[in-house]
Amino acid sequence: MIPVKGYAAPEAKIPLAPFKFERREVGPHDVQIEIAYCGVCHSDIHQVRDEWGGSIFPMVPGHEIVGKITKVGDQVTKFKVGETAGVGCFVDSCRHCPSCLAGLEQYCDVGMIATYNGRDKEGNPTYGGYSNQVVVDENYILHVSDKLPLAGVAPLLCAGITTYSPLMEWKVGKGHKLGVVGLGGLGHMAVKLGASLGAEVTVLSTSASKKADAEKLGAHHFVVTSDPEQVKAVQGTLDFIINTISAQHEYDFFMQLLKLDGTMILVGVPPEAPKVTAFNLIMKRRRLAGSLIGGIKETQEMLDYCAEHGITSDVEVINIDYINEAYERMIKGDVRYRFVIDMASL
Ligand code: NAP
Ligand code: ZN
Ligand code: ZN
């Protein structure tokens with residue numbers, strides 16, 4: 001077994017603290033990565049606090065992982081020692097169901113094996129990227145270009161792909177008005193990617209202080225959701241909304257901003273289920289949809305697209321002992337725009 005250092009939440013809502021554990025030896029198809037950086041996703045907070053139910057403790061969160069390959073199994077063909085690689089939100093899946101065969105492992109009929117807070121095929125808990133080493137099957141690892149600053153690449157493994165995938169699925173681009181609700185980790189990637197694909201981007205935010213940043217990120221318009229005049233001005237105008245809000249809110253408030261046949265895509269996962277009024281959907285044939293991260297093939301495409309277009313996440317690099325404060329700041333919407341842990345601080 002491989003000894004690993006990490007940070008774990010011992011129980012729900014208890015602060016994270018240093019934690020030692022072991023990972024499996026590198027098998028014939030496995031790759032071992034020495035983790036350089038791991039992004040901090042709001043899903044880490046939901047799960048550490050058991051807000052979705054069923055959390056497994058102790059929990060080592062983290063699914064925005066980048067680092068250097070230090071060892072490969074003797075059957076590995078796609079990766080070499082010394083290369084830079086990434087791991088996202090899942091580390092395995094059934095590999096046989098229609099979703100897996102279509103490269104949509106995140107929708108695996110049997111259930112993808114989550115990078116942390118999941119169980120591997122032997123039933124053991126999985127531990128994530130707030131740690132110095134990870135061992136993953138080569139089919140669930142991504143190639144990472146050395147062209148881009150690595151700390152800014154880490155969040156692409158979740159925030160990047162989670163916003164890229166619906167933009168691709170709904171073919172968002174030139175001629176579309178795209179609303180991005182919530183300017184956090186996912187939101188700021190939705191702005192960068194949406195703008196780079198040619199959409200006219202409007203950020204809808206509770207934080208007036210983020211207006212200048214939104215424009216720097218590529219947004220064309222900014223709406224403070226507490227100002228009824230600003231909200232009224234965009235009513236019935238948007239083709240798509242990507243909704244990244246992590247907390248309880250009214251979907252109806254945003255649905256009425258869509259034009260005829262407009263679609264709001266939920267990527268944020270508030271713990272409580274809000275109600276949706278039928279009238280808000282039927283009056284303009286609007287659609288409410290959802291999207292979960294992205295498959296391995298699409299994640300690789302997204303990483304290659306970002307390398308080609310010079311797109312990374314705007315990050316605040318932190319030491320791992322700052323993680324509990326980082327969580328508190330994220331809950332207040334105070335992150336510009338992704339915390340990334342420098343694993344050298346472990
Ligand atoms: P984040 O960085 O904390 O950003 C969330 C943003 O939502 C905040 O910056 C804030 O933006 C807004 N917000 C927060 N509380 C709010 C409230 N009470 N009312 C209105 N707006 C509020 O979080 P994230 O990492 O981007 O994750 C966002 C959500 O997506 C989480 O629920 C996460 O679990 C989920 N997620 C889903 C997937 C998927 O596959 N679908 C993948 C990753 C994450 P403003 O300050 O601009 O208002
Ligand atoms: Zn995530
Ligand atoms: Zn499957």
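A residue counts as buried when its relative accessible area is under 20%, as exposed when that area is over 50%, and as partly exposed in between. One more thing before we set off: what you're looking at is a predicted model.

Let's start with the metals. Find the zinc ion labelled ligand 3. Four cysteines hold on to it through their SG atoms: Cys94, Cys97, Cys100 and Cys108, at 2.3 to 2.4 Å. If you walk along the chain, these donors follow the spacing C-x2-C-x2-C-x7-C. Now look at how they sit around the metal.

Next, hop over to the zinc ion that is ligand 2. Its donors are Cys41 (SG), His63 (NE2) and Cys158 (SG), at 2.0 to 2.2 Å. Cys41 sits in the loop between β3 and α1, while Cys158 sits in the loop between α3 and α4, so the two cysteines tie together parts that are 117 residues apart in sequence. Are they buried or exposed? Cys41 has a relative accessible area of 3%, so it is buried. Cys158 comes in at 5%, so it counts as buried too.

Now for the aromatic rings. Searching the whole structure turns up seven aromatic pairs. One of them is Tyr164 with Tyr305: the ring centres are 5.9 Å apart and the planes meet at 50 degrees, so this pair is called tilted. Tyr164 belongs to helix α4 and Tyr305 to helix α10, which puts the partners 141 residues apart and links distant parts of the chain. Both of these tyrosines are buried.

Another pair is Tyr322 and Phe339, this time edge-to-face, with 6.4 Å from centre to centre and 65 degrees between the planes. Tyr322 lies in the loop between β16 and α11, and Phe339 lies in strand β17, so the pair ties together parts that are 17 residues apart in sequence. Tyr322 has a relative accessible area of 24%, so it is partly exposed. Phe339, at 0%, is buried.

Last stop: look for Phe19, Phe21 and Tyr127, which ring pairs join into a cluster.

Terms used:
Residues are numbered from 1 along each chain as its sequence is written. Chains are lettered from A and ligands numbered from 1 in the order in which they are written. This is a predicted model: local features need pLDDT of at least 70, side-chain atom pairs count only at pLDDT 80 or more; totals for chains, interfaces and linings use all residues. Side-chain values use heavy atoms; hydrogens and water are left out. Donors are N, O and S atoms within 2.8 Å of the metal (3.2 Å for Na, K and Ca); water is not among the atoms, so sites may look incomplete. Helices (H or I, at least four residues) and strands (E, at least two) are DSSP runs, numbered from the N terminus. Buried means under 20% relative accessible area, exposed over 50%, partly exposed in between (1.4 Å probe, protein chains only). Rings of Phe, Tyr and Trp (its six-membered ring) pair if their centres lie within 6.5 Å; planes under 30 degrees apart count as stacked, over 60 as edge-to-face and the rest as tilted.
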